[in-house]
Amino acid sequence: MNAGPWELLGLRPDADERSVKRAYAALLKKTRPEDDPEGYQRLRETYDHALALARRHAAQAEPVAEAAVVEAAVVEAPEVAAADVEAREASVAPAMPDEMALRRQAWNDAAPLWQDFLEHWRVSPRLKLDRIAGGGSPLSLLGHEALEVMAARCCATDDCDPGLRETVVEYFGWHEDCRHLERIDGDTVHHVLGRYRADQALLKLYAHCDAHVLGALIANEPPRFAWRLADSSFVNGMRQAVQLVRWQAPELLHFRLDPTVFEWWEQRVLAPRITLQLIVLCLVAGLVLFGISAGFTAETLDEWGWWQFLGCEAAALAAGVWMTFKARPLAGALLRFKAEHADRLLFGDRHLLGRYGWLVPFAVVSLAMFVPEPGAILVTATAVGMVACAIAALYGASPALTMQGYAMVAFLGMLLSGFMNNMFPGHHVVATVGMAICLQTLLQSRGMRQHDLGVAMPRLGAVRAGWLLGSAALFLAPYFMTLPAGAVPFLWLWVLGGVVIGSFSARALIALPAYVVLWVLASARRYSMAVPPEPSVVALQSLLLAAAVYMALSLWRDRRAD
């Protein structure tokens, strides 16, 4: 007889069944399944082994005693036939249960427990599983195996609740180790784990994908016409979902999604497409191109001017279509070049220089535009300098700008350039467009700058408050005194500094009415003055007031949020 189980239980090899159960109960208090599952499994196997040995020892002891009685009877009564003795021995010898009978009994013990769990699993499922399969389970080791096989076969069905499947798989730990169950029913447990991973992937899709994308993927049949393919946001979302399913969650195609529908969407979203956003972007680019060409040719919107406008729009649309269908390798090469070489300035140790190093040249070139009656050389130099600053500004803000962001910069920059052209009538329209694009880029990249300046300037709130106080003084000064000659460039630098350090998180629906009210009051005061301020001062005052209103409301909003 092997003494291994007796040593672990601390018993003698001739211990009876009652002693085995007492020793197991004492050790079970020290070895809990949730703390030491391997130790509990070893203790449970030892207990089952020792209990079987004790029962076998007791069963063998009874026929020995009966045999002694029979032998005594034979000695006392020799007239008893040998056949009667053999019949007596056969009648008292117990039949040892075979393995099939033990497994059948284990299934009979586990079946009612599992059925009761299925009827009440929605209320504390893990607690109910712990009652029938945990430390206080009435099942033997074979009963535990039978219970897990029943659970696996239930979770492998199509109509099994995903919540039940998730609870059962995570409770028994099949997603981490299912080798013990593979030896019994490997196909079933693999099927269960595939469904479990499909359920988890579907939850990930629900969390990260748009509702329209998810609805299109889980449909039963592909649509006859998908008008959403004209929406770039939907196409990009569908591309991400398709790649997620194809490369990270292939189980979804087997258990949750229709392969025909999935392949239909995959073929269409991965192919080059012309979207409404691309058309709008091309139209805006055509408008910018027309503004630049009109500045060079000094055309107005007469008969030839309209033809020039339509030609610029057609050229921009043609360029967009060509880039969509023919220039994908070129775009990929440019993106790789930017990622390998150009992005070092934007994300390296000197990223602040790469992102904002253009501000100093921009300030110098913009100050040159305040020179009265500029010559041809200065006009050309400021135009070239502003174009270079605009390109550098767009490059520096590229980590924060999307395609929609670039479109907004171009569109709002064109609107702002008309205002800037009134400030600098002696300069070329290209210079004012570049200046407007630089300012609009600063506004569109305020989130990135908020992070960068928040790291570099711990007292940024105090700097903004000081700028607001100085803005109030500069805004009111022209109404009470005559500004010196150098005040206009200083006022421009002050506005530029506010745009750089400002926080513009306030809503336009709140900031715009406040700006209009203050500007109307200032205009009424300006009309009553004997000598009104110069037009350049009035234009800078409008920019200063807009920046100050937005910054003040943003600081108030951020403080309330904190």
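## What lines the largest cavity

In this predicted model, the lining of the largest cavity splits into six nonpolar residues, three polar ones and one charged. The residues around that space are Arg355, Tyr356, Trp358, Ala393, Gly396, Ala397, Thr441, Leu442, Ser445 and Met448. As for the elements, α17 (351-356), α19 (376-396) and α21 (429-444) are the ones that each give two or more residues to this lining.

How much space lies in the largest cavity? About 30 Å³. The count of cavities of 30 Å³ or more comes to one.

## Aromatic pairs

The structure has 13 aromatic pairs in total. One of them joins tyrosine 171 and phenylalanine 172: the ring centres are 5.3 Å apart and the planes sit at 85°, so this pair counts as edge-to-face. Both tyrosine 171 and phenylalanine 172 are buried.

Tryptophan 264 and tryptophan 265 make another edge-to-face pair, with 4.9 Å from centre to centre and 85° between the planes.

## A charge over a ring

Over at phenylalanine 480, the face of the ring has arginine 525 lying over it, 5.7 Å from the ring centre.

Key:
Residues are numbered from 1 along each chain as its sequence is written. This is a predicted model: local features need pLDDT of at least 70, side-chain atom pairs count only at pLDDT 80 or more; totals for chains, interfaces and linings use all residues. Side-chain values use heavy atoms; hydrogens and water are left out. Rings of Phe, Tyr and Trp (its six-membered ring) pair if their centres lie within 6.5 Å; planes under 30 degrees apart count as stacked, over 60 as edge-to-face and the rest as tilted. Buried means under 20% relative accessible area, exposed over 50%, partly exposed in between (1.4 Å probe, protein chains only). A charge sits over a ring if NZ of Lys or CZ of Arg is within 6 Å of the ring centre and within 35 degrees of the ring normal. On a 1 Å grid over the protein atoms alone, a cavity is a set of points where a 1.4 Å probe fits but cannot get out, and a pocket is an open set with protein on both sides within 12 Å along at least five of seven lines; lining residues have an atom within 4 Å of a point. Grid points are joined across faces, edges and corners, and a volume is the space filled by probe spheres set on the points. Helices (H or I, at least four residues) and strands (E, at least two) are DSSP runs, numbered from the N terminus. Ala, Val, Leu, Ile, Met, Phe, Trp, Tyr, Cys and Pro count as nonpolar, Asp, Glu, Lys and Arg as charged, and the others, Gly among them, as polar.
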